[in-house]
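Please read them with the structure open.

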Amino acid sequence: MQKVIVFFSLILCVVFSTAFKTPKKDKINWMTVSELQAAYSKNPRPVIVDIYTHWCGWCKVMDKQTFSNDNVADYINEHYYAVRFDAENKDSVSWNGRQFGYNATYKVNELAVFLTSGQMSYPTTVFFPNITAQPAPLSGFLKPNEIEPPLKYFGDGFYKSQNFQDFYKKFSASW
């Protein structure tokens, strides 16, 4: 009987220790679209948008492998405003003075359609050198070494003086 009590006590300890764990904090300082609008109006800088869905397996892998990478997170936090946007968000959203709503027929928010230029794929990472620029979407899972070139192209301002192909030919990865 004493073994049974000890066994159940151990199980309760394990259950309580895992049930009340605080959730892991993201390494990237993600913000909402409305927070972006406010921050950008005070201090403009490039924008990166992570478009995901709750059911997307590759989105979760990208969160764990890419956005949790210290080099990626530190670079994004230093050079970008980072927005995480659920493509299936049913709320009305304002982007740069334009309203976007939920499209029930396609089960997607129209902002996601705008940001991906209609090429709906998850995850999609969208780059903006400034908030009024045309979106530059990259669809699919990106490893840290695959996201480094576009991050630095926009984050370090190379887009101002050369196209991405010329930049990439000379690019030397540091992560």
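Which residue caps the N-terminal end of α4?

1. Asn-69 does. One of its side-chain oxygens lies 2.8 Å from the backbone nitrogen of Asn-71. Keep in mind that this is a predicted model.

2. Helix α4 spans residues 70-79. Its buried residues are Val-72, Ala-73, Tyr-75, Ile-76 and His-79. Viewed down the helix axis, they fall within an arc of 165 degrees, so they line one face of α4. The general rule is that an α-helix has 3.6 residues a turn, so residues three or four places apart point the same way.

3. What does the face turned away from the buried side of α4 carry? Asp-74 and Glu-78 sit there, and both are exposed.

4. Strand β8 covers residues 124-128. Five of its five residues are buried, so β8 is largely enclosed by the rest of the structure. Both of its faces are covered. Thr-124, Val-126 and Phe-128 are buried on one side. Thr-125 and Phe-127 are buried on the other.

5. Which strands pair with β8? β2 is one of them: the two run antiparallel over five bridges. Within that pairing, Val-47 has Phe-128 as its bridge partner.

Terms used:
Residues are numbered from 1 along each chain as its sequence is written. This is a predicted model: local features need pLDDT of at least 70, side-chain atom pairs count only at pLDDT 80 or more; totals for chains, interfaces and linings use all residues. Side-chain values use heavy atoms; hydrogens and water are left out. Buried means under 20% relative accessible area, exposed over 50%, partly exposed in between (1.4 Å probe, protein chains only). Helices (H or I, at least four residues) and strands (E, at least two) are DSSP runs, numbered from the N terminus. The arc is that of the directions from the helix axis to the C-beta atoms. A polar contact is a pair of N or O atoms within 3.5 Å; within protein, one must be able to donate a hydrogen and the other to accept it, and residues adjacent in sequence count only if both atoms are side-chain atoms. Two strands pair if DSSP finds at least two bridges between them.
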